[in-house]
Amino acid sequence: MAPTVRGTTRVYGILGDPVAHSLSPAMQNAAFAAAGIDAVYVPFPVSADGLAATIAGLHAAGIAGLNVTVPHKEAAAALAVTLRPRARACGAVNTLIRTARGFVGDNTDGAGLLAALAERRFDPRGRSVLLIGAGGSARSVAHAFARAGAARLIVANRTPARAEELVASLRRRGTLATDLTVLADPDVLGNLDLIVNCTSTGLASGTLPTVRFAHTRRQLLCCDLMYGKPSRFLAAARAAGRPAIDGSGMLLHQGALAFTLWTGKPAPLAVMRRALTRS
Ligand code: NDP
């Protein structure tokens, strides 16, 4: 049911390019309704050129809070008045919280993925994890795995310099930056507990090199951050008999954490999950 908009209704939203595919509006509007909060959540398609003016303008217009998605997470971090520690650590923002001076930046992506993995009974402590990608979401996820005590963290990226920069920011032993040739390396693949595809290959043109699943353990868990579209990476993992999950669990939990940051209330998880399933 469409929310009723009154003079008192607070407005939240999501900035991205593209943003039309986002399920966050369905999920957050259902959450506001279930929690009895007079608020609406709308998508704002914004180009990179217009990001700074949009964030300043939306603050001036009284917007109560924002999510930020592809490709603006790193640029938005530079536009926040201050950053919460986990956003500062990874240099990327997915949630902006209104204050009188401007928007404060936080990042719930990494914690959202850990919550989704916990539902699958996957605890990163002491585990060996390969992240493919070094963009905004990979940065948040890498720092979350480091905080959660992963023993080995490998970041593989098309542009290796970005992987190196991300690994340097972790300031931790047991980390390695590399390029995508690792996806065929039996020595690396054979010791992994989890692979997370953090690239935008499903949204943009281009595909990942094939992962040689034959070299991996049978119980290797495979996760793609993308949701709502078929993932070639997950299809190949499933074809090889490896357990596989898409990004819908992460979407749910990062959104639930953002909801609580904005409202100070616990998120109605079951309602949000139902809204995602319906969408
Ligand atoms: P960014 O634009 O910040 O990063 C994109 C990454 O993908 C970079 O590492 C880039 O490599 C890599 N990449 C892009 N095209 C190719 C290609 N053709 N071959 C190999 N690598 C490529 O995006 P985000 O990190 O913000 O988002 C990544 C994905 O995660 C998206 O699909 C997004 O929808 C999803 N996501 C899902 C969330 C959820 O809640 N489930 C939350 C956040 C993101 P390079 O550095 O070489 O350019």
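Two strands are taken to pair if DSSP finds at least two bridges between them, and strands themselves are DSSP runs (E, at least two residues), numbered from the N terminus, as are helices (H or I, at least four residues). The structure described here is a predicted model, in which local features need pLDDT of at least 70 and side-chain atom pairs count only at pLDDT 80 or more, while totals for chains, interfaces and linings use all residues. Residues are numbered from 1 along each chain as its sequence is written, and side-chain values use heavy atoms, with hydrogens and water left out.

Towards strand S5 (residues 95-99), S3 pairs in the antiparallel sense over three bridges, with Asn67 opposite Thr95. Strand S1 (residues 10-16), by contrast, runs parallel to S3 and is joined to S3 by four bridges; here Tyr12 stands opposite Gly65. Both faces of S3 are covered: Gly65 and Asn67 on one side, and Leu66 and Val68 on the other, are all buried (under 20% relative accessible area, with a 1.4 Å probe and protein chains only).

We turn next to another sheet. Six strands form an open sheet in the order S9-S8-S7-S10-S11-S12, with parallel pairing. Its edges are strand S9 (175-178) and S12, each of which pairs on one side only.

Within this sheet, strand S11 (residues 221-224) pairs in the parallel sense with strand S10 (residues 194-197) over four bridges, and Leu221 is the bridge partner of Leu194. S11 also pairs in the parallel sense with strand S12 (residues 244-245), over two bridges, where Cys222 stands opposite Ala244. Leu221 and Cys223 point one way from S11, Cys222 and Asp224 point the other way, and all are buried.

Helices complete the picture. S11, helix H9 (residues 232-239) and S12 make a right-handed β-α-β unit, meaning that, with the strands pointing away from the viewer, the path from the first strand over the helix to the second runs clockwise. Helix H6 (residues 136-147) lies across strand S7 (128-132), strand S8 (152-156) and S10, running at about 170° to S7; axes are lines fitted to C-alpha atoms, for helices over the stretch in contact, and angles run from 0 to 180 degrees between N-to-C directions, with contact meaning heavy atoms within 4.5 Å.

Methods:
Buried < 20%, exposed > 50% of the residue type's maximum accessible area, 1.4 Å probe, protein only.
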